[in-house]
Amino acid sequence: MTQYVERFNALDRVLHWIVAITFFLLLLSGIGLFAHTFFGYFRLFGGPHQGIMVHKWAGIVFFISSVLLFLRHLGETWRFDADDRRWIVKAGGYLSRKKQGIPQGKFNAGQKLFGLFAGLATIVMGLTGYIIWDPTAFTRELTQFSLMLHGAFFTLFMIAMVVHVYLATMGNPGTLEGMLWGHVTKAWAKKHASKWYAKMVKS
Amino acid sequence: MKRKAFLIDTTRCTACRSCQVACKQWNKLTAEDTVNRGSYENPPDLTPQLYNQIHFIEQDRGKDMRWLFINRRCQHCADAGCVKVCPSAGALYHTPDGLVGFNQDKCIECHYCVNGCPFDVPRYDSKQKITKCHACIDRVQNGLLPACVKACPTQTLQFGDRETLIAGAKAAGKKLYGENDLGGLGVLYVLDDEPDTYRLPKNPAIPASIFFWKDVVKPLGILGFWGAVGVAALHYVTVGPKRIEDEPEDKSPKGGE
Ligand code: HEM
Ligand code: SF4
Ligand code: SF4
Ligand code: SF4
C-alpha cells in the first residue's frame with residue numbers, strides 16, 4: 001500500500017506555478033515604481049522600459065491564470081463550516097505548541113481565506129492595472145484612485161504572500177511536496193486535513 | 001537660497017500672447033495646426049509644444065461681453081504633486097531657488113506626473129517624455145529673465161524674488177492667489193474674479209488618492225513587508241513548525257489539526 005495520497009493534479013500544479021512565477025515577476029518589475037529605494041530593481045530587466053513591458057505582459061498571464069486557479073478552488077474555499085469557525089477563533093493553533101485537534105477539509109480555514117483574498121486581489125490588481133496601463137487614458141480622478149488601489153493591494157498581497165510562502169514551506173514541513181509533484185504523505189493528510197483524508201480513503 | 005517666483009497680474013493682460021510665442025522661440029517649440037472653435041483662445045489648452053497658454057474666459061452679458069485672460073502654466077509648487085509621484089528621482093526636481101525643472105534623460109515615460117499635479121500641467125512629447133514650463137532655469141541661472149516675462153509688453157508677467165513680489169503686490173492693495181497654497185506657489189496670480197472663474201482650484205491641494213498612495217500606502221507597505229517577514233521568522237523560532245514526525249502513530253483517519 002502506498003504511503004501517499006494525491007492532493008493536486010498536474011493541471012492544478014502547472015496553474016499554481018504559472019501564477020507564482022508571474023507574481024514574482026510582477027513584484028520585481030513593479031516595485032521599481034513603488035518607491036525610489038527600489039528603482040534599481042529595474043536593472044534586472046535591463047531598464048525601466050523593459051521592466052514596465054515585462055510587468056504588463058506578466059500582468060495579463062497572471063490575471064488569467066490566477067482567476068482560473070481561484071475558480072478551480074472556489075468549490076472548496078467558499079464554504080465555511082463550524083470547524084472552520086473554530087479554527088479561525090483559535091488562529092489554527094499557530095499561536096502555541098499545544099495541539100489543536102480541529103478537523104479540516106482539503107483546505108483549512110486560513111487557506112480558504114487566503115484563496116478568497118487572492119481572487120479578490122487579482123481582480124483589483126487587474127482592473128486597476130488596466131486603468132493605469134496608460135495613465136492619461138481615463139479621467140484623472142479614476143487614474144489617481146487606481147494608482148492608490150494598485151499600491152494598496154500590492155501591499156496587502158505581498159504581506160499575504162509572505163505568510164502563504166512561510167506556512168507552505170518552513171511552517172508546515174511536507175506541504176510543498178503536494179504542490180511540487182502532487183502527493184502528500186498520509187501522515188501529513190491526517191494531521192492537516194483529516195476530513196479530506198477520510199474522504200480520500202473512502203473513495 | 002531665496003525663492004524666486006512669477007507674479008502674474010491678470011488685470012493687465014491684453015491677450016497679445018507674446019509670452020506663448022517667446023516661449024516657443026526660446027525653447028525651439030514648433031507651431032501647431034489649430035481649428036477655429038469660435039473663440040479667440042488658441043490653442044485651447046497646454047500642449048507638449050505649448051508651455052504657457054493664455055486662457056480666455058468669454059462671458060456673454062447680453063449686449064455686452066466680458067473678457068478675462070489668464071496665463072496658464074506650471075505653478076512651480078513648493079509641495080509639488082508631480083515631484084511626489086515621479087518614480088525616477090531627478091526627472092522632476094526643485095532648483096535651489098524653488099523652481100520646478102525636469103530632466104528628460106531621467107524621465108521614464110510613465111506619465112504618472114500629470115495625475116499628481118493639481119493643475120493638470122505636465123504634457124508628453126513625441127518621445128513620450130515630460131514637457132512643461134521649466135521657468136527658463138537656463139536663462140535665470142545666467143541672470144536673464146524668463147523668455148515669456150521678457151516678452152510681455154504690459155508687465156502682466158513679472159519674475160523675481162518671491163518675497164519682494166508679494167510685498168510689492170500687497171503694498172499696491174492687490175489680493176494674491178497662491179501665496180500659501182501647497183507650501184506657496186511659485187506663480188502668484190492677481191485675479192479679477194473668483195479662482196473658479198479662471199478654472200483654478202479654490203484651495204489647490206495634492207489629490208487625496210495621491211496623498212494616501214504616497215504618504216500612507218508606501219511607508220506602510222515597506223513596513224508591512226518587513227513586518228510580515230519578521231513575524232514569520234519569530235514564529236519559526238518561538239512556536240516553530242508543525243512537524244508531522246511529532247504525531248503519535250495513529251491508524252485511524254481521525255484527529256487532525
Ligand atoms: C493582475 C494583473 C496586473 C496588471 C494588469 C498590472 C498592471 C500594472 C500597470 C500597467 C502598472 C503601471 C506601469 C506603468 O504605467 O508604468 C502597474 C504598476 C505596479 N504594479 Fe501591477 N499589474 C498587475 C498585477 C500586479 C501584482 C500581482 C503586483 C505585485 C506583486 C503588482 C505590483 C505593481 C507595483 C508595485 C506597481 C507600481 C505602482 C505603485 O507604486 O503602486 N502588479 N501594474
Ligand atoms: S503645477 Fe503641477 S507640474 Fe507644476 S510644480 Fe505644481 S504639481 Fe508640478
Ligand atoms: S513621465 Fe517622466 S517626469 Fe513624469 S512621473 Fe514619469 S518619469 Fe517622472
Ligand atoms: S518661463 Fe520659460 S519655459 Fe516657462 S513659459 Fe516662460 S518662456 Fe516658457
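This is a predicted model: local features need pLDDT of at least 70, side-chain atom pairs count only at pLDDT 80 or more; totals for chains, interfaces and linings use all residues.
Local features are given at pLDDT of at least 70 and side-chain atom pairs only at pLDDT 80 or more, while totals for chains, interfaces and linings use all residues. Residues are numbered from 1 along each chain as its sequence is written, chains are lettered from A and ligands numbered from 1 in the order in which they are written, and side-chain values use heavy atoms, with hydrogens and water left out.

**View 1. Chain A and its elements.**
Chain A holds eight helices and two strands. Helices (H or I, at least four residues) and strands (E, at least two) are DSSP runs, numbered from the N terminus. The order from the N terminus is β-α-α-α-α-α-α-β-α-α. Along its principal axes, the C-alpha trace of chain A spans about 60 × 35 × 30 Å. Of the 203 residues in chain A, 47% are buried. Buried means under 20% relative accessible area, exposed means over 50%, and partly exposed lies in between (1.4 Å probe, protein chains only). Now take the contacts in chain A with a separation of 6 or more: 69% of them join residues 24 or more positions apart. Contact means heavy atoms within 4.5 Å.

**View 2. A:Leu156 on helix H5.**
A:Leu156 is found in helix H5 of chain A. Is A:Leu156 buried or partly exposed? A:Leu156 counts as partly exposed because its relative accessibility is 42%. A:Phe117 is 39 residues away from A:Leu156 along the chain, and their C-alpha atoms are separated by 9.4 Å.

**View 3. Where chain A meets chain B.**
On chain A, 52 residues are in contact with 50 residues of chain B. The size of an interface is often given as the accessible area lost when the parts come together. Here the two chains bury about 4400 Å² between them, with 62% of it on carbon and sulfur atoms. Buried area is the accessible area (1.4 Å probe) that two parts lose on being put together, summed over both. Between chain A and chain B, 14 residue pairs are in polar contact (both at pLDDT 80 or more). A polar contact is a pair of N or O atoms within 3.5 Å; within protein, one must be able to donate a hydrogen and the other to accept it, and residues adjacent in sequence count only if both atoms are side-chain atoms.

**View 4. The salt bridge and the chain A side.**
How many salt bridges are there between chain A and chain B? The count is one salt bridge. B:Asp120 forms a salt bridge with A:Arg140, and the closest N and O atoms are 3.8 Å apart. A salt bridge is a side-chain nitrogen of Lys or Arg within 4 Å of a carboxyl oxygen of Asp or Glu. Several helices of chain A each supply at least two residues of the side that touches chain B, among them H1 (10–34), H2 (48–77) and H5 (140–168). H5(A) gives the most to this side, with 13 residues. By class, the side has 26 nonpolar, 20 polar and six charged residues. Ala, Val, Leu, Ile, Met, Phe, Trp, Tyr, Cys and Pro count as nonpolar, Asp, Glu, Lys and Arg as charged, and the others, Gly among them, as polar.

**View 5. Ligand 1, between two chains.**
Ligand 1 is surrounded by 21 residues. The closest are A:Phe34, A:Ile52, A:His55, A:His150 and A:Gly151. A residue is near a molecule or strand if one of its heavy atoms lies within 4 Å of it. The site is shared between chains, because residues from chains A and B surround ligand 1. A nitrogen atom of ligand 1 is 2.7 Å from an N or O atom in the side chain of A:His55. For the side chain of A:His150, the distance from an N or O atom to a nitrogen atom of ligand 1 is 2.7 Å. An oxygen atom of ligand 1 is 3.5 Å from a polar backbone atom of A:Ile132.

**View 6. Ligand 2 and its cysteines.**
Around ligand 2 there are 13 residues. The closest are B:Cys74, B:Gln75, B:Cys77, B:Cys82 and B:Cys117. The shell divides into nine nonpolar, three polar and one charged.

**View 7. The shell of ligand 3.**
The residues around ligand 3 include B:Cys86, B:Cys107, B:Cys110, B:His111 and B:Cys113. By class, this shell has 10 nonpolar, one polar and no charged residues.

**View 8. Backbone details in chain B.**
The peptide bond from B:Asn42 to B:Pro43 is cis, with omega near -10°. B:Pro43 lies in the loop between helix H1 (18–26) and strand E2 (53–61) of chain B. B:Leu182 is not a glycine, yet its phi is positive, near 50°. B:Leu182 counts as buried because its relative accessibility is 9%.
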